[in-house]
Amino acid sequence: MLILAFNYGTDIFAMPHIFTSLLISFAIFTLGGCAALIPESEQKQANENATKLSSVAIARPFPEDAFFDLLVAEIALRNQDLETALDNYTYQAEKTGDLGVIITTAKLAQYLDRSDIAIIYAQRWVSAEPNAAEGYFILSSALAKTQNPLTALPYMVKVLDLGGDSNFAALAATVLTRPEIEQLEFIQELNNQLKLHPGDNTLKIAKALILQYQKEEDAALKLIREVLNEEPDNPHALLIETRTLSQLGRNDEALTRLRYAVDQNPRHKRLRHDLARHLVKIDLFQAKAQYEELVRQNPTERDLLLELMLINRELSNTDEVAAQLQSLNDTPELRSRANYILGRLDEEDQNWQNAIDHYLQATGSDEFHQSSQRIASISLAIEDVDKTLARLRALRLNHPEQTVFIYLLEAEILRKEMRYQQGYDLLTAALKADTNDEELRYARSLFSERLGNIDAVESDLQYIIDRDPKNATALNALGYSLANLSTRLDEAEALVKRALELEPNDPAIIDSYGWIMLLKGNIKEAITLLERAFKHTQDHEIAAHLGEALWLSGDKDRAKVVWEAGLKDTPNSPIIMETLRRLELFNE
């Protein structure tokens with residue numbers, strides 16, 4: 001069985017209502033789930049640090065060139081040219097070894113999220129000042145982002161022991177993406193620290209966060225409510241509580257607590273964002289009000305504006321949608337994403353031309369492929385093949401960086417339309433510009449196979465195999481084509497066997513091997529292999545081969561069942577129809 005390049009899109013008439021799921025999934029993607037809970041506090045700490053950077057006392061006089069560099073750094077700092085400031089402070093920290101410069105460098109590196117630099121200078125800071133709680137905090141936070149969070153934990157414990165403001169939840173947030181064994185070790189160490197510091201709420205919040213992530217909701221709620229009994233307005237504890245309630249399906253209770261949390265912490269972005277997301281499900285007008293406040297409080301966060309635009313679109317606030325889309329011009333990646341989502345929504349409403357117009361504007365790297373596929377699907381449904389190909393040709397000319405992808409999309413349409421010579425000619429033209437592209441060569445081999453040109457098939461696929469002897473897809477395709485277009489069955493078997501050794505569970509390769517066994521007259525072995533492939537997927541091509549093997553073995557009833565299963569998803573399967581014609585079974 002040949003493995004095709006890709007499918008150019010889903011059926012436009014089979015799309016579910018998608019607004020709420022798109023908005024919520026977008027919100028989760030852009031602002032994060034539980035693991036994103038803590039960095040806001042780190043940012044607050046960093047902001048406070050940034051205001052103090054220029055006030056660090058210099059311990060001793062400097063040479064003139066050092067003084068000049070530090071003056072440049074100071075001016076850059078005041079002008080918010082922070083990268084320049086960091087470069088100068090780092091250089092002078094190395095050159096002078098001055099503790100004040102080292103401290104400033106560590107703080108500035110933390111503020112800019114340059115953990116590699118922060119680690120170096122925070123280590124030097126605490127070496128010189130063993131009781132510097134803030135230095136240990138910066139060191140721990142930076143280590144958690146770049147290494148195993150367990151290496152960061154002792155330094156945060158040091159912050160706690162020194163009476164500083166600790167943040168174990170920041171470390172817990174980073175451990176959530178680590179292997180389970182590291183999570184268990186981290187929890188064990190948290191438990192040890194809780195025995196030593198039973199009343200410390202930052203330790204409890206960290207443990208509750210991990211319990212919530214591990215879906216131990218009851219234990220998470222019990223622990224986080226111990227914190228809330230002492231600190232009823234703690235935003236981190238409220239965030240964990242409300243998200244845990246949501247996980248438990250207690251949405252009304254979660255909403256009530258979120259309203260309280262936002263009232264007590266009106267400028268906490270994640271709490272208000274969680275409230276807005278809950279309201280999307282029940283009251284778009286209230287959700288809009290929350291998003292408008294989020295945008296007002298965070299005017300540079302363009303992703304929030306995009307979410308507000310989607311709500312306005314759902315509320316048919318056309319003018320607001322247009323204005324907000326226009327304001328996203330300064331953020332190309334968000335503008336692209338916005339147009340893609342609007343295209344999806346227009347498809348749902350069967351506003352086909354509007355959908356195409358939006359997809360044409362969704363040219364960002366993350367959306368381009370999907371947008372192109374959607375344009376092809378819509379155009380095929382409402383126009384015709386030639387119009388669709390013309391649209392794609394224009395898209396290819398306008399986006400030369402996506403040339404190969406669009407060529408493959410055009411070729412897939414031609415293959416489905418059985419325009420084999422046209423597809424071959426298209427890909428031959430494409431390969432004139434890039435003779436080494438293996439995707440284009442593989443796609444052309446599919447057309448050569450349909451045209452019965454075994455020499456062309458072998459030329460393209462052997463080209464790929466020579467450069468990548470372990471390319472299971474090319475090995476399988478060449479073996480399958482040799483089996484179908486020549487009498488070289490032993491060569492075909494050897495090629496597919498190599499592919500099967502590389503990908504032993506690939507149903508397409510198993511099908512090819514079974515088909516070769518059938519052509520060689522090994523019906524029993526063929527049935528075993530083809531049954532195995534058919535269990536993976538009831539693809540119409542596998543069904544054609546298995547049905548034929550069963551028919552030849554005398555199991556005609558089972559053969560008919562298999563063919564019917566293959567025709568279920570591909571009613572006009574050309575390979576099943578050809579099999580039935582060859583076996584003279586149309587009257588059966």
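**View 1. The protein chain as a whole, built from helices.** In this predicted model, the secondary structure of the protein chain comprises 33 helices and zero strands. The chain has 588 residues, of which 53% count as buried.

**View 2. The surface of the protein chain.**

**View 3. The largest cavity and the helices around it.** The structure holds two cavities of 30 Å³ or more, and the largest cavity contains about 60 Å³ of space. Three helices, α5 (99-111), α6 (115-128) and α7 (133-146), each supply at least two residues of its lining, with α7 giving the largest share, four residues.

**View 4. The residues that line the largest cavity.** The lining of the largest cavity is made up of Ala-109, Gln-110, Asp-113, Arg-114, Ser-115, Ala-118, Ile-138, Ser-141, Ala-142 and Lys-145. By residue class, this lining divides into four nonpolar, three polar and three charged residues. Ala-109, Ala-118, Ile-138 and Ala-142 are the nonpolar members, while Gln-110, Ser-115 and Ser-141 are the polar ones, and Asp-113, Arg-114 and Lys-145 carry the charged label.

Key. Residues are numbered from 1 along each chain as its sequence is written. This is a predicted model: local features need pLDDT of at least 70, side-chain atom pairs count only at pLDDT 80 or more; totals for chains, interfaces and linings use all residues. Side-chain values use heavy atoms; hydrogens and water are left out. Buried means under 20% relative accessible area, exposed over 50%, partly exposed in between (1.4 Å probe, protein chains only). On a 1 Å grid over the protein atoms alone, a cavity is a set of points where a 1.4 Å probe fits but cannot get out, and a pocket is an open set with protein on both sides within 12 Å along at least five of seven lines; lining residues have an atom within 4 Å of a point. Grid points are joined across faces, edges and corners, and a volume is the space filled by probe spheres set on the points.
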